[in-house]
Every structure is written in C-alpha cells, then in structure tokens.
Amino acid sequence: MMIRLLLAVLVFWSSQAAIAAKNEPFFWEVFQQQSAVMMLIDPDSGRIINANSAAQRFYGYSLTEMLQMRIQDINALSSQQVTDEMNLAAQQNRDYFIFRHRTKENGIRTVEVNSSPYTFSDRTLLLSIVTDISVTRDMQDSLWHYQDRLEGVVDEQAGQIKSYSQQIVILLSIAVAMLMVAVAILSWSRATHKKNAQLLSNEQQRLAEIIQGTNVGTWQWDLMQDNLSCDQRWADICGLSREQCQHTTRSQWFELIHPDDASDVQRQLEAVLKKQKDYLVVEYRILRSDGSPSWVISRGKVVEWSDEDKPMRMAGHLEDINARKESERQMHHLAQFDILTDLPNRNLFLDRCKLALSFAKRKESTIAIVCIGLSNFRLVNDIYGHDAGDEILKDVAPRLTSCVRDVDTVARIGGDKFVLLLTGISQQEPLTRIIDDVRHRISEPYLLSTGQYASITCNIGIAQYPSDGSTPEALLSRSEEALLKAKQDPLGSAVFYACGLS
C-alpha cells in the first residue's frame, strides 16, 4: 500500500517529469489506500500539498478543499499553544505532537501527529501521519475520575467503620444489657462493609476494563525492592507468560531489550530518576521469547518520592508500535528504490555518487558513470505488451548486478534507462571489460512468462571523474549525453564522453 505515497512524493520532482508520469499510477495507489491519515505539508507556509483518502474522510473535506487550506486552518490550538506543545515534546524527547484538530463539521478531535521531513529533488516537505487518540484521552480522563472515586469510597468507608467500631466499644462499656443492641449494630456494620467491598470490586473491574480498552500493557516498579510487576497485556507484548513477568528485577527487564537499544533506554530512565525529565518516553526493540525483535514504546513517571527526594515507585505502560515502524520503513524504502526492479532510484544513486566522489577526491582515485539505454525496448512493448516489458526490466536488474562488484551501484533512473556507479577504476582495460560484459548479458534472450523469447540490445554512454566532471549531476548528465551519441548506432555501441563529445 506504500506505492501511492511514493507517487505523491515523485510528483514534486520536477526535474524528473518523465519518471513521475511513468510511475504515477503506482505511487498514487499507495498513498490513497493507506488506512492511516496522511498529509504532505509545506513546512514554510503550512499549506497542505496533498492528502490521502483517509485524511479526506477523517476531516470531512474533499481533496480540492484541503489543497486550498493550511494546516493552521485545521489545528484548533492557537499559535502559542502549538509552540508550547512543540517545546514540551522537545523537553520530553518524543517525536510526536498532541494537537486538537477541527473537522469540517466543527468536531474537535484530539490527535497524535508524527511528522518527518522528506527531501524530493530540491524541495523539503513534511509527511504527517495523524492518529486519532480522542478515545484514548477520554479513557485516561475516566481512569483518573474512577481512581478519585475509589479513593473517596475507601476513605469514606474507612471513616464509617472507625465510627461504628467506636460506637460499639462505648455501648459495650455502658452495660451488658446493651449487648444485643451492640451485636445488632455490629452485624449491620459488617453487612455495610461487605456491600462497600463489592462496590470497590466493581470499580476495580471497570478500571481494568478501561485499561484493557487502550490495548496497552501496564507496569509498576518498586525501586526500593527492585521489583517490576506487570499485567497480562505487557506479558503478551513481550512474548512471555504472566508468570515469567512477575517479580522481575531491573536487570531482568533489560535482558529483554535489544542490545543496540539498551544504552538509550538506560539513559532515558536515569534522566527521569534524577528529575532531569518528568516523563519516560522511549522507543526501543524487545527480544521476544522466540528471539524475534519487536518495536515498543514505553511511557511512565515516578509516582512516589521519599522524604530524601529519592524515587520509590514508578508506573507506566507499554505499547506495541511494530505496525507504525514497518510503515515508516516501507515509506523510507519506497522513497529511495525503484518499485519495479527494487534497484536504487535516481535520488539514492546521486547520494551514493556524492559519497563516492568525496572519497575519490581524498584518495585521488577515479569514478566511472555508465549510462545504459535499452534498444528496441519500445518495439518489445508493442509486440508482446507492457507486462512483457516489465518482465524484461526486472530481468535486466540482476544481469547488470552480476557484471559489477559489491562495492559498485546499479540503479534504474527511469523508463528503460539504467546507470552504473563504478569506483576505483584506475585503468581503461577493466572498465572496457565491464562494458563488454554488460552488452553481452543484456543481449542474451529473455524468456517471457508466455513461453516466448524476446531479444534486445543496449547503448552505453560513459563519463569519468575527474576528466568529465566533479559533481554527481555533471557526471550523470554527461554520461546521458554520451548515451544519446551512442544511440545513433542502431546495432548498439558504447561512447566515452571525453572521446565522443568533447
């Protein structure tokens, strides 16, 4: 479903209009079918650049209406309140914000907003994922309400019991004749206590159901005894039985945390225990009983301090965020890799080329950019259909990869055009051998799913650092110029920019 999101991103890559037009149906489908509410926002003006179907349903506006709005038109908080929330998020070291958003019907919803910057060509936009937490917030309010009621009931009944007991003592001390009256009062007191105990049990049950409805696991840590206790949901998230989670110590808790994340959790926890932070909010991976990692977010705070200002008791909850992490991973992958071949796209290729150039300049080594265009590819599409063309493009990818080393990069930069980034090629002979290998592998027959065979050739344009340019954009542009020269040969040829165009 992430394909649609990539389309929305690529539409803004104006320097690659042909690529955007080619892949638009795939990317739009990803963006629109995401069940999460998603919007692309201009970080400078706040203008809504795009919104998926889930966002349109959630806010009640059509896409045309939303494209005429700014995010400030939806946010019910004032500018100062927005600033205060961002500052609070920074203090609590959390990567999301809690806002109040207004729908078209003037309904106010409490939402959690996760925003990440993404750079497409020369433009940076904010990808905002909006989660409705109105129900969760209402449940939290109810939780505190019921807790206050429970405490009030306990205090009230404790006072009543004390009062009744005193009355009984007074009556017994006056006279034996009043014994029957005292017994009657005592019996009534016991009945009242039983009734109140049942009420207390009912309130506790309702409290447990509210917590269960939030789908989070709760935990409480007695720091004095180093005893961590949890509920069944906490155990389920960690892949453990309830018995395995009882009377857990701090060291046993940290054994569940992925080694790469343990130091960050330790640092965040110590900041709360030392009053450097009010709340613990930390994302990390746990290792379930079967060894598989699972992403979670843990929130909590110290709820009891000693007279010496030492932490005594801490409480909080644990939430499974695997789905959100997987969604973020897919979006990151789709922003950097070609959908059809899973090769790096133009943006990732230029990033890798920039790193390779930096290394080459320090080591005074060379780089070659080899641009490959497939010949007769349009004819294959016309004869066998576009599905066959896609099959050939997917088959070309491993063929090209087999011609280069692991340290080199093979990318698809649009249509039937591929490019190689070859580093450390200090002599012409190895480069010529790679080019010959590429031409040979591309020209081998392609077996289609229909049982038919198709044949294509290729043309190649080569640009080299430092002779042909010193930036990724310049080298790629000159390799494409050399490719255009090579395409004048219908049988397929390879042209070096320095030789053919300089």
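Over the face of which residue does Arg399 lie?

**Entry 1: charges over rings.** I looked up Arg399 and found it over the face of Tyr446, at 3.7 Å from the ring centre. I took a charge to sit over a ring if NZ of Lys or CZ of Arg is within 6 Å of the ring centre and within 35 degrees of the ring normal. I also looked up Lys325, whose charged end sits over the ring of Trp295, 4.4 Å from its centre.

**Entry 2: basis.** I note that this is a predicted model, in which local features need pLDDT of at least 70 and side-chain atom pairs count only at pLDDT 80 or more, while totals for chains, interfaces and linings use all residues. Residues are numbered from 1 along each chain as its sequence is written, and side-chain values use heavy atoms, with hydrogens and water left out.

**Entry 3: aromatic pairs.** I searched the whole structure and found five aromatic pairs. Rings of Phe, Tyr and Trp (its six-membered ring) pair if their centres lie within 6.5 Å; planes under 30 degrees apart count as stacked, over 60 as edge-to-face and the rest as tilted. The rings of Trp219 and Trp253 have centres 6.4 Å apart and planes at 35°, so I recorded this pair as tilted. The pair links distant parts of the chain, with Trp219 in strand 6 (residues 217–222) and Trp253 in helix 11 (residues 250–255), 34 residues apart. Helices (H or I, at least four residues) and strands (E, at least two) are DSSP runs, numbered from the N terminus. Both Trp219 and Trp253 are buried (under 20% relative accessible area, with a 1.4 Å probe and protein chains only). The rings of Trp253 and Phe254 lie with centres 5.2 Å apart and planes at 65°, so that pair is edge-to-face. I found that Trp219, Trp221, Trp253 and Phe254 form one aromatic cluster.

**Entry 4: helices 15 and 16.** I looked up the axes of helix 15 (residues 377–384) and helix 16, which come within 6 Å and cross at roughly 135°. Axes are lines fitted to C-alpha atoms, for helices over the stretch in contact, and angles run from 0 to 180 degrees between N-to-C directions. Helix 15 is therefore oblique to helix 16; angles under 35 degrees count as roughly parallel, over 145 as roughly antiparallel, 65 to 115 as roughly perpendicular and the rest as oblique. Contact (heavy atoms within 4.5 Å) is made by residues including Phe377 and Tyr384 of helix 15 and His386 and Leu393 of helix 16.

Technical notes
Buried < 20%, exposed > 50% of the residue type's maximum accessible area, 1.4 Å probe, protein only.
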